[in-house]
Amino acid sequence: MATYLEFIQQNEERDGVRFSWNVWPSSRLEATRMVVPLACLLTPLKERPDLPPVQYEPVLCSRPTCKAILNPLCQVDYRARLWACNFCFQRNQFPPAYAGISEVNQPAELMPQFSTIEYVVQRGPQCPLIFLYVVDTCLEEDDLQALKESLQMSLSLLPPDSLVGLITFGRMVQVHELSCEGISKSYVFRGTKDLTAKQIQDMLGLTKPTVPVQPVQPAQPHEQPFVSSRFLQPVHKIDMNLTDLLGELQRDPWPVPQGKRPLRSTGVAVSIAVGLLEGTFPNTGARIMLFMGGPPTQGPGMVVGDELKVPIRSWHDIEKDNARFMKKATKHYEMLANRAAANGHCIDIYACALDQTGLLEMKCCTNLTGGYMVMGDSFNTSLFKQTFQRIFSKDFNGHFRMAFGATLEVKTSRELKIAGAIGPCVSLNVKGPCVSENELGVGGTSQWKICGLDPTSTLGIYFEVVSQGGRGAVQFVTHYQHSSTQRRIRVTTVARNWADAQSQLKHIEAAFDQEAAAVLMARLGVFRAESEEGPDVLRWLDRQLIRLCQKFGQYNKEDPTSFRLSDSFSLYPQFMFHLRRSPFLQVFNNSPDESSCYRHHFARQDLTQSLIMIQPILYSYSFHGPPEPVLLDSSSILPDRILLMDTFFQIVIYLGETIAQWQKAGYQDMPEYENFKHLLQAPLDDAQEILQARFPMPRYINTEHGGSQARFLLSKVNPSQTHNNLYAWGQETGAPILTDDVSLQVFMDHLKKLAVSSAC
Amino acid sequence: MNVNQSAPPVPPFGQPQPVYPGYHQSSYGGQPGSTAAPTPYGAYNGPVPGYQQTPPPGMSRAPPSSGAPPASTAQAPGGQAAHGQFGQGDVQNGPSSTVQMQRLPGSQPFGSAPLVPVVSQPAVLQPYGPPPTSAQVTAQLAGMHISGAVAPVPPTSGLGYGPPTSLASASGSFPNSGLYGSYPQGQAPPLGQAQGHPGAQPPQRSVPPQASSFTPSASGGPRMPSMTGPLLPGQSFGGPPVSQPNHISSPPPQALTPGTQMSGPPGPPPPMHSSQQPGYQLQQNGSFGPVRGPQPNYGSPYPGTATFGSQPGPPQPLPPKRLDPDAIPSPIQVIEDDRNNRGSEPFITGVRGQVPPLVTTNFLVKDQGNASPRYIRCTSYNIPCTSDMAKQAQVPLAAVIKPLARLPPEEASPYVVDHGESGPLRCNRCKAYMCPFMQFIEGGRRFQCCFCSCINDVPPQYFQHLDHTGKRVDAYDRPELSLGSYEFLATVDYCKNNKFPSPPAFIFMIDVSYNAIRSGLVRLLCEELKSLLDFLPREGGAEESAIRVGFVTYNKVLHFYNVKSSLAQPQMMVVSDVGDMFVPLLDGFLVNVNESRAVITSLLDQIPEMFADTRETETVFAPVIQAGMEALKAAECAGKLFLFHTSLPIAEAPGKLKNRDDRKLINTDKEKTLFQPQTGVYQTLAKECVAQGCCVDLFLFPNQYVDVATLSVVPQLTGGSVYKYACFQVENDQERFLSDLRRDVQKVVGFDAVMRVRTSTGIRAVDFFGAFYMSNTTDVELAGLDGDKTVTVEFKHDDRLNEESGALLQCALLYTSCAGQRRLRIHNLALNCCTQLADLYRNCETDTLINYMAKFAYRGVLNSPVKTVRDTLITQCAQILACYRKNCASPSSAGQLILPECMKLLPVYLNCVLKSDVLQPGAEVTTDDRAYVRQLVTSMDVAETNVFFYPRLLPLTKSPIENTTEPPAVRASEERLSNGDIYLLENGLNLFLWVGASVQQGVVQSLFGVSSFSQITSGLSVLPVLDNLLSKKVRGLIDGLRAQRSRYMKLIVVKQEDKLEMLFKHFLVEDKSLSGGASYVDFLCHMHKEIRQLLS
């Protein structure tokens, strides 16, 4: 199996692709019986420092319905200067530029190691990046101050020629005009009125260039940049102005009566931001960055009324259908998200408040456009500040780790059809012969729009097996705007072998990538959870797991103890166990906003991060040896250990009982116990390392045995000891968890029992 | 009377009797009388001579030889008569007459000295007379008739007069136009007279000389010859006219004299009556005409007239054509008389039903229990006891109330009374406020309400013992018990939402569209505001104004400004959602000027720059007001919006207007639509504004039609003002605009006001005119009210009034002062009640009446065709006068025009109203102008309407330069202008300097700094500052006039015979206007005819 592991790893590193199955079942029926669909996790912009983009355009298959890109899998006739498309078998002439082609003089795209290649397209105008800040002013003074500072700081991080704009909102929405000298101007909109894009553009004076003659189309391209420049200006021109403007930003001046929430017109603000960009820079990479410190309380998109006595909806309310504004608000934001997506603009949401802010309703803004969703308690926390700063982090070339306006096109060889995709994308509704009628995730198309991308953005792409062939091939073509404003095309072409599930099940089994499969199944589960009742999803997941075990487990009927799973499946049930308990599927103890946020991140992170989310990592530090990963189990919680848990969203450092006592006694300050000091320091350093790399910044929790924050750890570990199995008490085997949740052992027992039973 | 007079002249002229009849018919028949009536006034000078002459003319030959001598004889009788009258015991006449007498004798060298003197005297007397004769109103009327009296004389003499009578008879048939024509003829004669008497006249001065100057130049020469060949040449003026004047001149004395003469014979009725009678008789005589035969007199004049009408005899027409304008009641004379008689002593308001001095008179007021006439003026101070009487008289009962009128510095503003927490003491039933008329009873424990008779307990803290007269001992310590006007501090119960108001705010809303920028308006305004903001109205001794300010600019979108003091730079907030206006900011929009000075200054510096390159020409309007109103609402205060607007709001927004100006609608039934707002949006908006206490002042700078009728709806309903500067250019209009602006910003305003007029039982306030809004039938709601705004209230009977108790008015105004204090201003006024119509007519005020009628008519045009409105006015006027004639004047011939003394100016003023731009637009008057004027008049006070309708025409070069007092005005007629003089004309809105073509070069040099008339720039608006006496004096005078008016009057220099003169002539209201308005004389005749019709 090691070979497969290597193979998988190698492929991932080269192509950013991980398939659930690396050997494909050869018929539709067999594929169905495999339980876990044939699917892959694709990280379109996986960082490839070793892959310099080529400076020419790709060669396309000449068949209009195909247009696949020349790749190493194509058959090339060097003499005839022909190449055969490996998807449609069309024979194509090489373009004149390839005249010198020969076996020894191959273009990069024909070399096997360039199964992933990136082209730089020189065509078309290069549009600068656009950053539109949408800032809530209904904040506490220190929050606002912190936010202002963050924003001011961000100006220095932006590329000098990128365009920035500023919209602030509270009870009103203000679109700030940045071009003016002296007096600062802003256009103000009522926060309660839903405006159409046309109205917004009219009111901002965007639609009416000074010449009233509309029919003259040619004139418009010249006019537009001019008009829009009032609101979106190159940073280098106005950063002083904007810094001052941000500095003078006041809290929303409208009085907030006792017992009321401030009136916050988030819905209109976003609508205007979308409308503004739509009118000025359609189909240009742009980032709308929404900073909000509370829920929208008025106008379209309001999530909760301004009466404080009425709390914002909870899962309970939603189940009871008691969330008055939810549907309407969701619809509003969906409409906006779709419009933004259609124009290639992405929307980020940075929500910092102690209470919920309506992320549930607004999630589609980020999810459909590839924006970020960041949730924090306050803008005045390092969590927000560093997260925000990290958005503008740069890669080894000094470019932002972000890309815009991407279109992902998937081409398959005839044996496969595309069932759908799950990730921060919207369908472009491009039907084709390779599009399956069965949808998994966002389906019915072979192309998706991903307005905001970063090197970790990962999509789950699901396929349907139609028939067998020689070598199944899939080509992923991602057009995008690089942060250097270049248009680029990244092409990844992968192929896997087919195997007959009847005869070669072992091969298929061995080529199972349980990590990828877990994540892909989890994505499906989460995707379902968005629209279905929680228990249904769990039941579905369970059934899938049971079927998988039945299919690939080795057992004797009706004998649970005989049940075995091969190595390539061994971890899968455990992933499923933790997935069932994860916040992605369990809403208990999570607000709707939290759930939305967690799901948001889950749907876009790459495999490693996703796995961490599903099953947090636990490290143990002790005097007994170097730090070691330990089971995510209550038995790992020991008095003389320090635990470091990474759940992706949280980093928890937990001092065992004894360690905590020692620390309180101050041993670490005594020179003779320097080793204790080092022990205490070790997890901190490691945590710091994780913190440095992670986006978004995780919540950093430093706690100890009996500490209130220890709940973060206790809620995650497998409750192998609870108040229900008291026999464990007093033993040095860990800490009991006060929960009624089933433990992994119980779960596995049941699983085995069900798997071997012939009842299902 | 006129008839008579005219008659006499006629004969001389010739005897185109045939013409005559025609004339009579037109209106002459009646008119002659009427004309006569008018003549009496002006006549003084002229008339008198007329008389003298007339007799001769009557003779028929006399005229030729020299009207004078015969006239003298004729007069002599007259004169005697006058004496006689005096003798009879008219004290007033006596004195005046005596004086006159003395002079006259001296002056008159005529052979028939005795007689002559007499005659002349009357003339002199007249001026004097009127005042003394107050009681003798009738006498004046008589005066009118005087001529008539003269006529009688003639009869005595025999010859001449007879004929006139015949004329009268003829008169009946004439059409109006005919009438007019006839007048002219009449006028011609007067001239003749003047000449005839030159000697005698000098004393009388003004009239004769003027007359002479005019006619001669005009056509006197030619006419004369043609007409009365013999006579005329010499007299030029023609005796006949003179005679008319007499009639007209009615000046009491004269009238009396004639009257006496007449009366003498007829019988010794009261002097006045008698005098009148004679006059009438004359007319009657005229009617008798046939009997007397000597119609020729008439005839001749008429012929002349005839010519007018149909121009039978070209030559004649001119000379004969006029009645002597001097003979008809002269506003100038009335004003002068009132000034002389009542200007010197303070007007003490203690007595019920006193008629105050005219608005044109400077007088002091001492408040002793009734509101000063500066606050309230009534059409009549004596109210008929019953509605029947009131209906019969048709005299509107109305009060013109100016609750916050500014007082001269010598008069104290109303005391503020604080009744503590319980608030002002009021009647429990009718809620009237404590006032001097409340009756304390039961030893002071209770009081009876003077309005509703309800008996109320006196609260213990207010108790006070009564003295032996039943008066509270502390009556003189308490303003509310001793004064007519005072203020109460309001308690929280009187405040909106039961919260004391916050200080008001001013919001400046500036149009920054292309037009406004290009004309330089924005720059000018911003510059001015910087300094002007230091002069916001403040209360009492407050160090700084409590008023906050805010700024908005707009074109098709609105720009609000955050000028919070903590900002380094103002912030602009653009609201482009004009369809659904809102206020984008709260904090920092309305600020204290001193705190935010730096930011405001910066803003005002930048506004012109920011929009310097604007190409936006479209504007919105309703959203602007809405925005201001919303801002005030958000700030929870009342306030005022200053809107500076340039163009028709055609941008897509609520209140969008289209150009609907259509001159073709004029004189059609649809004309009223020009005055009506285009859309209901503005009314709705205004209603909201009123509810918020948001007053809107609108400054318009249109280059073309902006639909003032619609745009002014909100200012009108919110108690605001509209200013209009057509084709604004900084160089030309800067001074005017800035002056208006300064005044408007600085003036003290009351906000969020409610006015209620309570009356004692029997009458009731039923109708209100002015700039305000009413949501019910009793409360006048004013978002803002300043010291210039006037509300006219009409009363009707709902029960019998009691002569004993009179009628009481109490006007209570609840308002927020500019410091945010809630107050009640109370004005009380007690009026008399009468059972005799004569009392009513004796206590009327024509100026107030005109104020009411104008407002009534101006409102009428909204709903009725203009012609209907005019006819209504004429009919009402005729009814008023006919009622007087029928019930109060002593019986006399129907052919005589008899006017009540108090209303003798009613015809001339009413004619001015009828000719005004609103009711009879000239070709050059735009629809906007009409709507603008209409709207202005609605809230004018009496003084303003007075001068607006009858402009003041001041000769500048007649009196010696050293004479620093204001020169006496002359009548607004072209005839009064001498081409060797310079005149100043003003009507409260316009100011003209008319320069005669043959003004002395020295005068031109010292006034204009150029060497000749031809070098004077026509249309000049500023007089050069020259260091000489004349220049200083004239400029001083102009400044003085401007200071008197609430709006800055832009000066326009008009040269004689220049294009601009047409504009100027428009204001010579006694003349026939180009747009078809009748001349004074013609109108008088017409009125007479109407009256006669009513009487018959």
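Mentor: A salt bridge is a side-chain nitrogen of Lys or Arg within 4 Å of a carboxyl oxygen of Asp or Glu. This is a predicted model, in which local features need pLDDT of at least 70 and side-chain atom pairs count only at pLDDT 80 or more, while totals for chains, interfaces and linings use all residues. Residues are numbered from 1 along each chain as its sequence is written, chains are lettered from A and ligands numbered from 1 in the order in which they are written, and side-chain values use heavy atoms, without hydrogens and water.

Trainee: Why is the pair Asp580(B) and Lys193(A) called a salt bridge?

Mentor: The closest N and O atoms of Asp580(B) and Lys193(A) are 3.8 Å apart. The limit is 4 Å, so the pair qualifies.

Trainee: What makes up the contact between the two chains?

Mentor: With contact taken as heavy atoms within 4.5 Å, 29 residues of chain B touch 23 residues of chain A. The buried area (accessible area, 1.4 Å probe, that two parts lose on being put together, summed over both) is about 2100 Å², and carbon and sulfur atoms give 53% of that.

Trainee: Which element gives the most to the side of chain B that touches chain A?

Mentor: That is β14(B), with 5 residues. Strands here are DSSP runs of E, at least two residues, and helices are runs of H or I, at least four, numbered from the N terminus.

Trainee: How do you know that β11 of chain A and β14(B) pair?

Mentor: Two strands pair if DSSP finds at least two bridges between them. Strand β11 (residues 184–190) of chain A and β14(B) have 5 bridges, in the parallel sense, so they count as paired. One of the partners in β14(B) is Met573(B), bridged to Ser186(A).

Trainee: Why are β26 and β29 of chain A called edge strands?

Mentor: They belong to an open sheet of 5 strands in the order β26-β25-β27-β28-β29 (chain A), with mixed pairing. β26 (625–630) and β29 (699–704) of chain A each have a single partner strand, so one side of each lacks a neighbour in the sheet.

Trainee: What makes β25 of chain A a partner of β26(A)?

Mentor: Strand β25 (residues 617–622) of chain A and β26(A) share 4 bridges in the antiparallel sense. At least two are required, so this is a pair. In β26(A), Glu628(A) is the bridge partner of Ser620(A).
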